[in-house]
Amino acid sequence: MTFCVLLTQVLVEPESISRLTLRDWDLLIRQARHANLLGRLASKLAERQLLAQVPAQPQSHLEAALGVAHRQMLAVQWEVNRIMQAVAEIPAPIILLKGAAYVIQQLPAAQGRMFSDVDILVPKERLDAVEMALKMHGWITTHHDAYDQRYYRTWMHELPPMLHLTRQTLLDVHHTILPETARLHPDPKKLLDRAVPVAGFKRLQVLAPTDMVLHSATHLFHEGEFKNGLRDLTDLDALLRHFSQQEEAFWEMLLDRAKQLDLTRPLYYALRYTTRILHTHVPAVAQQAASIGAPGWVTIKLMDALLLHALKPHHPSCDGWLTQPALWMLFVRSHWLKMPPGLLFRHLLHKFFLSPKETA
Amino acid sequence: MNVSGLTVNALARELRREGVQIRIGTYLVRIQSSLSSIAQGLHLLYADYPLEPEAAFADFHVSIDPPKNVRRWLAPQVIFRTDGFVPFKPLPADQAYPLLEWGLNWCISTQYHRYLVIHGAVIEKNGRAMILPAPPGSGKSTLCAALVTRGWRLLSDELTLVSLDTLEIVPMCRPVSLKNESIQIIQGFEKTVTMGRASHDTNKGTVAHMRAPTASVMRSQETAVPAWVVFPKYEPGVTAQLDEHAKASACMKIADNTFNYSMLGLRGFQTASNLIDRCDCYTFNYSNLDDAVTRFHDLAQQ
């Protein structure tokens with residue numbers, strides 16, 4: 001598969017900016033902004049002292065993005081502080097997921113990252129208490145349609161997104177990492193058991209490094225939304241690079257854990273596409289071992305073809321005539337993985353005929 | 001070459017094809033559109049602005065076109081996109097031109113944080129800038145439009161750009177947006193103004209844009225030093241009254257009227273408070289534009 005996107009070329013090899021013309025910069029800034037990666041690009045360049053080499057006009061945009069990313073990081077920290085305040089009375093662990101976890105652990109994956117929400121995971125038996133506490137502290141539920149409420153509460157792995165009334169921030173409260181109805185069944189209890197406490201907070205935790213990677217992979221390759229696909233792939237790349245440097249046995253631990261959690265398939269995809277698109281260094285042994293999660297070759301070819309489109313920045317410069325069909329097929333695939341056929345049929349019927357249509 | 005160097009048809013053709021790159025102060029904006037109303041609006045209101053077709057880097061890439069569905073013909077709508085991203089819902093086709101101006105405001109106030117971006121007009125005389133921050137309905141644009149026809153230079157009628165390091169005011173001189181009665185008031189106040197086509201029934205009522213004075217457009221690269229912050233308020237029947245305004249409260253009002261104040265964090269606070277330190281602050285109640293012009297003339301002479 002070929003993946004010639006200026007943005008990924010520069011992310012893989014930041015030094016290559018010395019060869020860019022101003023016209024290339026024009027395209028690069030636009031692709032990065034579209035992929036929600038302008039902040040990450042800027043922080044990569046800043047980290048390698050390359051920002052000063054950037055021509056003045058694009059430099060302004062990169063510096064502005066660094067500012068936004070910094071501000072978002074502070075906002076996420078404050079949001080976590082508010083959430084913990086709200087649930088202080090509940091004797092349950094609160095596990096930060098995804099971006100907020102990277103920020104609170106100061107992982108490289110947080111550098112320059114843009115956020116749209118905060119995600120937490122709580123034990124299912126505490127879900128009601130947590131939801132109630134959040135409601136008492138200014139969060140309200142969205143998706144007021146009765147069918148949507150039931151969709152989330154009965155079948156999904158999370159509550160309908162909650163919105164804070166005054167700060168207008170979004171919070172996703174999960175009780176597991178895949179829908180209850182999904183094909184794969186990672187046991188949330190296993191995730192909770194290995195969660196790691198966060199210094200400076202009572203009861204706040206993040207997933208263990210292996211689980212963090214697996215969750216990121218599951219989220220990217222099993223959800224149907226690829227709006228932030230490339231952003232999420234760069235998260236995976238940053239996590240893999242960081243954890244494999246920290247811990248020599250990381251790759252074996254990762255694979256063992258994938259087996260325990262029934263997540264060898266998303267791990268396989270994670271390694272396949274991070275190495276191919278972002279040149280993440282994964283030892284050959286680990287890649288070989290991860291192939292136990294590989295699907296048949298027809299599926300691999302199909303996924304290569306689809307993800308080639310889906311993981312590009314959704315910028316007009318990257319979109320071809322196959323992009324929309326590819327995104328649509330991945331969306332369909334995600335639903336196929338999410339629900340058994342009978343339920344899926346019912347869900348689609350409802351969404352198509354009964355749900356109130358949004359009026360433009 | 002300036003926009004006026006093209007015929008309206010040639011401009012329309014360029015807009016439809018590759019788009020045109022227009023220099024607006026420090027920004028280079030690339031605009032694409034298949035709509036004749038956009039070509040006409042730009043041809044009339046941006047006549048004095050330089051075209052830079054060869055420039056390799058544009059700060060913003062915007063387009064405004066009909067949607068690719070039935071709303072192209074049936075109760076026609078238009079969509080504003082910045083580089084494919086759609087920040088607003090489609091609007092009736094009659095509002096295409098104001099939508100373009102609003103879209104550009106959106107790009108500058110949300111995507112470019114090299115300046116403190118205050119929601120307010122800013123004008124200049126003798127190198128000194130007067131900032132008029134105000135919520136909608138305070139008559140700031142009307143006042144600004146009147147003053148720029150009487151010797152003040154227009155830096156912006158909507159977005160005051162304050163340089164974070166030097167506090168200089170960076171011009172972003174564009175057409176002045178006027179609403180409802182203000183359109184006739186300004187046309188009556190100064191017969192020579194060029195007014196664009198009015199769009200009716202927008203969110204803000206009837207909207208029309210007044211062409212920025214040529215002299216202001218020509219000086220779009222020239223910054224100004226902030227000297228005054230004036231909070232205007234239009235009140236029918238009052239005689240013009242300029243009162244000193246406490247600095248602490250002026251600073252809070254500036255913060256409230258700044259799009260990216262909290263985004264900039266400490267830097268935003270420092271810039272806003274240094275700005276206020278450097279300026280004389282006033283409130284200004286008025287009903288008559290001639291009185292206002294006299295008062296501001298006196299202030300500039302002090």
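**Salt bridges in the predicted model**

The side chains of A:R241 and A:D237 meet in a salt bridge, with 2.8 Å from N to O, where a salt bridge is a side-chain nitrogen of Lys or Arg within 4 Å of a carboxyl oxygen of Asp or Glu. The model is predicted, so that local features need pLDDT of at least 70 and side-chain atom pairs count only at pLDDT 80 or more, whereas totals for chains, interfaces and linings use all residues. Residues are numbered from 1 along each chain as its sequence is written, chains are lettered from A and ligands numbered from 1 in the order in which they are written, and side-chain values use heavy atoms, with hydrogens and water left out.

Both A:R241 and A:D237 belong to helix α10 of chain A (residues 229–246), four residues apart, or about one turn of the helix; helices (H or I, at least four residues) and strands (E, at least two) are DSSP runs numbered from the N terminus. A:D237 is buried at 5% relative accessibility, while A:R241, at 34%, is partly exposed; buried means under 20% relative accessible area, exposed over 50%, and partly exposed in between (1.4 Å probe, protein chains only).

In chain B, a salt bridge of 2.6 Å, N to O, joins the side chains of B:R150 and B:E190. This pair links distant parts of the chain, 40 residues apart, with B:R150 in the loop between α4 (140–148) and β8 (153–156) and B:E190 in the loop between α5 (181–189) and β12 (199–202). B:R150 is partly exposed at 30%, whereas B:E190 is buried at 17%.

Over all chains, the structure holds 24 salt bridges.
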